[in-house]
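Dear colleague,

I am handing over the structure we spoke about, and I would be grateful if you could look through it alongside the notes below.

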Amino acid sequence: MATGLRLSERLRLRKQSGYLLLEVLCSLLLAAAALLVILRTTRGGVESLVRVREQLLLENARRHITLQLEKTLKLDAVKITIRGQKINCVSLHGNKRYLIYCEKQKLLQKTTTGTGSGVNPLSLEEVQVKDWRAEALAGRDAVVSFTLSRGRQKLAVRQRLHCYNAEVVSDE
């Protein structure tokens, strides 16, 4: 008889120690909802990081282009002529001539010397240059403006250049 009581106690304990299927499903549903919230938050952070990286790339491209233009036009040029949207200039250093222009959404600089010529990009490869404009102002001043873009990010740039060694003329 003692063994019979033990068997009934075991059955009663076994019935009380388990979980209902409904409880298991509810806990799985809560875990899935928590995982979904974590994934959405992580995705938003990653998208924000991509936007910041693209903005930094555009800012680096702007800085690179404007430094090259300042070096060529403000410091090295003795004669600057703007024809249409192309900038022609003659360098202080010997017989170098520069032609700065935009083609296929890239800003290019053609350098011509007595021994030959070559074309170098002023813009970064990953960035597109759009709406390139060059304009002569009075005396030694010129304005260049353009828009840099990559993906959905855009950066409008307008730079006034005061040329130390040259008069800027418009030939239109």
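The notes that follow cover the sheet, the hairpin, the aromatic contacts and a loop.

Please bear in mind that this is a predicted model, in which local features need pLDDT of at least 70 and side-chain atom pairs count only at pLDDT 80 or more, whereas totals for chains, interfaces and linings use all residues. Residues are numbered from 1 along each chain as its sequence is written, and side-chain values use heavy atoms, with hydrogens and water left out.

Helices (H or I, at least four residues) and strands (E, at least two) are DSSP runs numbered from the N terminus, and two strands pair if DSSP finds at least two bridges between them. On that basis, three strands form an open antiparallel sheet in the order 6-7-8. Strand 6 (128-136) and strand 8 (153-162) are at the edges with a single partner strand each, so one side of each has no neighbour in the sheet. From one strand to the next the twist averages 10°, where axes are lines fitted to C-alpha atoms, for helices over the stretch in contact, and angles run from 0 to 180 degrees between N-to-C directions. Strand 7 (residues 141-150) is joined to strand 8 by 10 antiparallel bridges, and R150 stands opposite Q153 in strand 8. Helix 2 (residues 21-76) packs on this sheet and touches strand 6, strand 7 and strand 8 (contact means heavy atoms within 4.5 Å), its direction making about 20° with that of strand 8.

Elsewhere, strand 4 (residues 106-112) and strand 5 (residues 117-121) run antiparallel and are joined by five bridges, with V119 as the bridge partner of K110, and a hairpin of four residues connects the two strands.

The structure holds one aromatic pair (ring centres of Phe, Tyr or Trp, the last by its six-membered ring, within 6.5 Å; planes under 30 degrees apart are stacked, over 60 edge-to-face, the rest tilted). The ring centres of W132 and F146 are 5.9 Å apart and their planes stand at 35°, so the pair is tilted. Because W132 lies in strand 6 and F146 in strand 7, the pair ties together parts that are 14 residues apart in sequence. Both W132 and F146 are buried (under 20% relative accessible area, with exposed over 50% and partly exposed in between, for a 1.4 Å probe and protein chains only).

Finally, K104 lies in the loop between strand 3 (97-103) and strand 4, has a positive phi near 55°, and is exposed at 76% relative accessibility.
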